[in-house]
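Here is a briefing on one protein chain.

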Amino acid sequence: MINIINVSNPMPFGLLFVNYSLLAGIAGGLGVAWALCTEKPNKDYLPQLIAVALALCATFNVLAEVQQQGRLIYGFIGGWENWNGSIIKYGVPAIPLFMGLLLLTVFAPYNALLARLFNPLRSAVVLLGLFLPAYSGIWMMNEHGIALWNSPLSVVLTSLSGLTVGALLFSFLSIDNSSSRKNILCTLLVTNIALLLLSNWWAGRFANAEVLLSKRLLDTHFLGFEWLVLVGFVIALVCILNRLTRTSALIAFISAALGAYFVRYCLLVGGEGVSRSGAGIALFTPDFHEFYFTGASLLLSGGLFAALLLAVPTLIQKLEG
């Protein structure tokens, strides 16, 4: 999984954590964008179902990454105290709660009680949607001894990029060429680009020795990924500045999603690559298990999404009947 130079340096996280961070971030961003743009219950429930599928896929990846599936499940069954003081317990329950709230909004047009609760449900979706992309950054901040992560910048980068990609996905699902929406999307993308450039400049001039070593590691071995981050957000910005069509919105979403993915990948390899003992560096290489589970989780989540698409109309018919 890693190539060691001078020192053994086991890495706590791998590719599955990157997957989780991006998928949870997009799900949260999509949920926030939907909730802010939807003032009344309506019968277009595709954004909610996609957000649920993304959150499910994020859950599969994080459970595989932490390798504590039994302990996490026991925490749900046996009670909060069984998770001890682990930072994970504050974030994992948010995902099923987020999915449950979104599913309730799907049936709001067909149920009087849910219709009356629609605005409170929207507000809760916004709060949890803001938390989901931030949580992976919070998790990284609390991983002791990795200088690149131990800063609020981790939370800012994961939050901002996740919310941006989620908003672009909602824009693809609901095309709107209004100037207000385009201005919001452009502001998000420009802020991402400016923050990335500023962070890179700061790390090269004012950071401590460990963060500077992480930057040199990235510039030496992962420079191509750093460029992919910037290029992805720039392409998305160009697409949004032009007239928004279904095709351009899709290109903007995909390119920004790639940029956001490699933001997390560079944080991962740059942070974990610097030895906590200061005796060497490590080069991260994903193993077969990570690629296998990435594909398996996507297939499983796609299957569950298809099942939701089939099940929801049936449930709606029963509510209407």
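## Ser 297 and its surroundings

Beyond its neighbours within four places in sequence, Ser 297 is in contact with Cys 57, Phe 60 and Asn 61. The model is predicted. Ser 297 sits in helix α12, which spans residues 288-320.

- The side chain of Ser 297 makes a polar contact with the side chain of Asn 61, at 3.1 Å.
- Ser 297 counts as buried because its relative accessibility is 3%, under the 20% cut-off.

## Overall fold

- The protein chain holds twelve helices and two strands.
- Along the sequence, the order is β-α-α-α-α-α-α-α-α-α-α-α-β-α.
- Of the 321 residues in the protein chain, 52% are buried.
- Take the contacts between residues at least 6 apart in sequence: 79% of them join residues at least 24 apart.

Packed helix pairs are described by the angle between their axes and the distance between the axes.

- Helix α7 covers residues 152-173 and helix α11 covers residues 246-272.
- The two pack at an angle of about 160 degrees, with their axes 9 Å apart.
- α7 and α11 are therefore roughly antiparallel to each other, since the angle is over 145 degrees.
- The crossing of α7 past α11 is left-handed.
- On the α7 side, the contact includes Leu 157, Thr 158, Ser 161, Gly 162 and Val 165.
- On the α11 side, the contact includes Ala 249, Phe 253, Ala 256, Ala 260 and Val 263.
- By class, the contact of α7 with α11 has 15 nonpolar, four polar and two charged residues.

## Helix α11 against α1

- Helix α1 (residues 15-37) and α11 have axes that come within 9 Å and cross at roughly 135 degrees.
- That angle makes α1 oblique to α11.
- The crossing of α1 and α11 is right-handed.
- From α1, the residues that meet α11 are Leu 15, Val 18, Asn 19, Ser 21, Leu 22 and Ile 26.
- Their partners in α11 are Phe 253, Ala 257, Ala 260, Tyr 261, Arg 264, Tyr 265 and Leu 268.
- The contact of α1 with α11 divides into ten nonpolar, two polar and one charged residue.
- Phe 253, Ala 257, Ala 260 and Arg 264 of α11 take part in the contact with α1 and also in the contact with α7.

## Helix α11 against α9

- Helix α9 (residues 209-221) packs with α11 at an angle of about 120 degrees, and the axes are 8 Å apart.
- α9 and α11 are therefore oblique to each other.
- α9 and α11 make a right-handed crossing.
- Ser 214, Leu 217 and Leu 218 of α9 meet Cys 266, Val 269, Gly 270 and Gly 271 of α11.
- By class, the contact of α9 with α11 has four nonpolar, three polar and no charged residues.

## Cys 266, a buried site in α11

- Cys 266 lies in helix α11 and is among the residues that meet α9.
- Cys 266 counts as buried because its relative accessibility is 9%.
- Cys 266 and Phe 222 are 44 residues apart along the chain, yet their C-alpha atoms are separated by 7.5 Å.

## Leu 244, a buried loop residue

- Leu 244 lies in the loop between α10 (223-241) and α11.
- Leu 244 is buried, because its relative accessible area is 2%.
- Leu 244 and Asn 177 are 67 residues apart in sequence, but 6.0 Å apart in space, C-alpha to C-alpha.
- Leaving out residues up to four places away in sequence, Leu 244 touches Ser 171, Ile 175, Asp 176, Asn 177, Lys 182, Cys 239 and Ala 249.
- Ser 171 belongs to the α7 side of the α7 and α11 contact, and Ala 249 to the α11 side.

## Val 125, a buried site in α6

- Val 125 lies in helix α6, residues 118-141.
- Val 125 is buried, because its relative accessible area is 0%.
- Val 125 and Phe 98 are 27 residues apart in sequence and 6.3 Å apart in space, C-alpha to C-alpha.
- With residues up to four places away in sequence left out, Val 125 touches Gly 31, Ala 35, Phe 98, Leu 101 and Leu 102.

Definitions and conventions:
Residues are numbered from 1 along each chain as its sequence is written. This is a predicted model: local features need pLDDT of at least 70, side-chain atom pairs count only at pLDDT 80 or more; totals for chains, interfaces and linings use all residues. Side-chain values use heavy atoms; hydrogens and water are left out. Helices (H or I, at least four residues) and strands (E, at least two) are DSSP runs, numbered from the N terminus. Buried means under 20% relative accessible area, exposed over 50%, partly exposed in between (1.4 Å probe, protein chains only). A polar contact is a pair of N or O atoms within 3.5 Å; within protein, one must be able to donate a hydrogen and the other to accept it, and residues adjacent in sequence count only if both atoms are side-chain atoms. Contact means heavy atoms within 4.5 Å. Axes are lines fitted to C-alpha atoms, for helices over the stretch in contact, and angles run from 0 to 180 degrees between N-to-C directions. Angles under 35 degrees count as roughly parallel, over 145 as roughly antiparallel, 65 to 115 as roughly perpendicular and the rest as oblique. A crossing is left-handed if the near helix is turned anticlockwise from the far one by less than a right angle, and right-handed if clockwise. Ala, Val, Leu, Ile, Met, Phe, Trp, Tyr, Cys and Pro count as nonpolar, Asp, Glu, Lys and Arg as charged, and the others, Gly among them, as polar.
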